[in-house]
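Please keep the structure open beside the text as you read.

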Amino acid sequence: MSAMTVNGRPVQFNLDGDTPLLWALRDAANLTGTKYGCGVGDCGACMVIVDGEALRSCLITIAEAEGRFVTTVEGLSRDRSHPVQQAMVAEQAIQCGFCTPGMVMAAAALIQKNPAPTKADIEAAVPNLCRCGVYPRLVSAIQRAGRVAQRQERISAAPAPGISAEDAARTVPAMAAPETGPATAD
Ligand code: FES
Ligand code: FES
């Protein structure tokens, strides 16, 4: 059993202490924004923030995360208003959805400490792998996010996702569309 705080909520995992944090988040807590890429610490798709540090959740166990504060991409902001999220959209730095959450978390941890990172700072702090070559846009986005975080620049909010709850439920069989009451007419 391992207790920690995940996205601001106390959580207790009744799992073997050797369970990777990645599995606990995805399979037990249903926080599937954190992705499983390689499972061996190479790709960065599984990055979460633990006590302010971006860590690969495939490499730490829930016993090692005991008592710590874990933030996943779901907990970064309630409305995708975090500067990194806004800048990633604005700079079109989002390619596949698999790598993006890990990049966002590594970038968020970086600009928290260093809101004016150089390209070299970014390459060191955000070593995430991307086969589609989003790196130049990613650097621009992270530097822009730093400026937004420092209130030197503003970005208007990203548009809402263009998918309804019903469509999402059709696409993902494990989901259920929310119950809706009978239609009413004016
Ligand atoms: S899944 Fe953790 S680094 Fe690739
Ligand atoms: S963002 Fe996933 S391969 Fe480039």
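Angles between axes are sorted into classes: under 35 degrees counts as roughly parallel, over 145 as roughly antiparallel, 65 to 115 as roughly perpendicular, and the rest as oblique. The axes are lines fitted to C-alpha atoms, for helices over the stretch in contact, and the angles run from 0 to 180 degrees between N-to-C directions. Helix α2 (residues 83-90) and helix α5 (residues 135-149) pack at about 135°, with 8 Å between their axes. The two helices, α2 and α5, are therefore oblique to each other.

This is a predicted model, in which local features need pLDDT of at least 70 and side-chain atom pairs count only at pLDDT 80 or more, while totals for chains, interfaces and linings use all residues. Residues are numbered from 1 along each chain as its sequence is written, and chains are lettered from A and ligands numbered from 1 in the order in which they are written.

**The helix pair**

Two residues are in contact if their C-beta atoms, placed from the backbone, lie within 7 Å. The table shows who takes part.

| α2 | Pro83, Val84, Gln86, Ala87, Met88 and Ala90 |
| α5 | Ala141, Ile142, Arg144, Ala145, Val148 and Ala149 |

By type, the residues of this contact between α2 and α5 comprise 10 nonpolar, 1 polar and 1 charged.

**A residue of α5**

Where does Leu138 lie? Leu138 sits in helix α5. A residue is buried if 20 or more other C-beta atoms lie within 10 Å of its own, exposed if 12 or fewer, and partly exposed in between. Leu138 is buried, with 27 other C-beta atoms within 10 Å. Leaving aside residues up to four places away in sequence, Leu138 touches Ala93 and Met103. Its C-alpha atom is 9.5 Å from that of Val104, 34 residues apart along the chain.

**The core and the whole chain**

A nonpolar core is a set of buried Ala, Val, Leu, Ile, Met, Phe, Trp, Tyr and Cys residues joined through C-beta atoms within 7 Å. The largest one has 44 residues, and among those touching the most other members are Val84, Val104 and Ile142. The largest share of this core, 9 residues, comes from α3.

Helices (H or I, at least four residues) and strands (E, at least two) are DSSP runs, numbered from the N terminus. The protein chain has 6 helices and 5 strands, and from the N terminus its elements run β-β-α-β-β-β-α-α-α-α-α. Of the 186 residues in the chain, 36% are buried.

Terms used
Ala, Val, Leu, Ile, Met, Phe, Trp, Tyr, Cys and Pro count as nonpolar, Asp, Glu, Lys and Arg as charged, and the others, Gly among them, as polar.
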